[in-house]
Structure formats: C-alpha cells, structure tokens
Amino acid sequence: MNPSNQRTVLVTGCSSGIGYCVAKGLLARGYRVFATARRAEDIARLQAEGLETLLLDLNDSVSIQHAVTQLLSQTGGKLYGLFNNAAYGQPGAVEDLSRQALREQFETNLFGTHELTTLVLPVMRRQGEGRIIHNSSILGMVAMPMRGAYNASKFALEGLTDTLRIELQGTNIGVSLIEPGPIRSRFRANAFAMYKKHINPTNSPHQAHYQQAEARLQKQGDAAPFTLPPEAVLKRVIHALEAKQPQIRYYVTIPTYFLTTLKRLLPYRVMDWIIRRLPA
C-alpha cells in the first residue's frame, strides 16, 4: 500500500485473539490502524507494540462517542474501514439465562457494535467510500445448544447487517460479514468467566450438559476440531478491505462450510438431530 494514500482502519476488541492479530496484520500491511480495548493495561501493552490505540467499551455509549471523537480528531475526520470484532460468548441453556445475562450479551455483541457503526457511517458517506466488516460466527447462522445467548446476538447482527448492506447500495460503502468457526483465541476463557457469573447449574435440568461445557471451556489448547489460527480471519479482512467488490459473507473453517451446507439441504428435524450429536 502506498504510504501517501494510507488508509485508516478501526479495529475493536484487540486485547487478544482475532482483533489483536488483525490489528497487527493490517499495520504490517501499511494501514494506519487504531486498535481498541476496554482495559487500560491492554491499551498500554498495545501502545508499547507500536499501535495507535483508543480506549473503548462497547457497553458504554459515552466511551463509544469519546473514542470516535478522538479518532476523527487524529485522522482529520477520515476513516476508511471498521472491523467490528469485539464480542464474547455467554454459555448457558436458554431456560437458565436471566434477563440481565441476555441484556449484557446484546449490549456488547449488538447494541454497542450498532452504535459505533452508525457513528462512523456519516464519515464514510462524506468521503464517498468505506468498508464495514462485522465479525459474526457460524453460530449466527446455525443454532447450537448451550449457546443460546450468543446465537441470538449473532443472528440479530446478521439480520441488521444484511439490512444495512441493502440500504447502502450505491454509496460505495461495502458491508461484509465474516463467519468463523473455531478460532484459536481467549474466547473460551472469557466465556467461562461469564458462565461463572450468570449460570448456576446446581438445580438446572441441564446439569449433565454443564459438566461437559465446563470441561470444554477449561480445556487447554484447541478444544474443537478444525480450529484455525486468527490469521485465517485476517486474510478475509484484507480481502474485504481491498477487493473492488467485497464478498457479502466470508466463511472461515471447515465447520462453517459444512454446517451451512447441511442447513441449506436438510429438513429442520434432521438438522436438529445432527446438531444434538455434535461435541458439547
């Protein structure tokens, strides 16, 4: 990329995993990258590694607005790309999810992401170009047990994004969804913390399932087959930023291709039968 035409990209959720990998990868490719995190210690570490940073908590509207104001002040009011990556997974059976647990899941995975997107869209409209990339999940297309809150937040993100894409036709603002299956990250560790916070398995009819879930969430290394490193997502983000006509959806990992194909081909009850027999 020509440094004189350096484009700016905002990446959320950069403390580890996909966001960290994408921020570092885009910086190495020549982009001007603003990496966000919600903890001051993560911001300090990212700065020490040469990244420009913004403190951003998607659960806090004031934090979102302040981060965007800071960003535009430092870029002269310009922003080419937004990679909405920050999210977490709330484990738990649907009947064990409190209203508060579901609300917190949506605050981060949908509402904060939506608010940030709507704040940067006027910038992209003014400059006549831009790219919005949302990191969704195979669980935004295929429901799996014990993941109802995360499923719901990602299904909602998919619907909102599809609508936005249609509404932005003719604006030269590309809108893409990335659909990862299992990716090597701290996702399981963060999910386990939220499981401990919101789920009490003691009197649940799903107690046996929770024992399996706890073992999976605490397992060291790759817990799921076909797990890929976060560089697999970086590759799709680069294409979504640079392709003349970015794809609407980017599938990542074999499980994403496999399960979405089955969902298109099989009756609902057969698909449910298969899903129930997948590893916890």
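These legends describe close-up views of a predicted model. Local features need pLDDT of at least 70 and side-chain atom pairs count only at pLDDT 80 or more, while totals for chains, interfaces and linings use all residues. Residues are numbered from 1 along each chain as its sequence is written, and side-chain values use heavy atoms, with hydrogens and water left out.

**View A. Helix α6, residues 187–198.** Helices (H or I, at least four residues) and strands (E, at least two) are DSSP runs, numbered from the N terminus. A191, F192, M194, Y195 and H198 are the buried residues of α6 (buried, under 20% relative accessible area; exposed, over 50%; partly exposed, in between; 1.4 Å probe, protein chains only). They lie on the same side of α6, because they cover an arc of only 165° around the axis, taken from the directions from the helix axis to the C-beta atoms. K196 and K197 are exposed on the other side. The buried residues pack against α4 (99–127) and α7 (207–218), contact meaning heavy atoms within 4.5 Å.

**View B. The salt bridge between E104 and K197.** The closest N and O atoms are 3.1 Å apart; a salt bridge is a side-chain nitrogen of Lys or Arg within 4 Å of a carboxyl oxygen of Asp or Glu. E104 lies in α4 and K197 in α6, so the pair ties together parts 93 residues apart in sequence. E104 is buried at 17% relative accessible area, whereas K197 is exposed at 53%.

**View C. The salt bridge between E52 and R32.** Its closest N and O atoms are 2.7 Å apart. The pair links strand β3 (residues 52–55), which holds E52, with strand β2 (residues 32–37), which holds R32.

Methods. Expected span 1.5 Å × (residues − 1).
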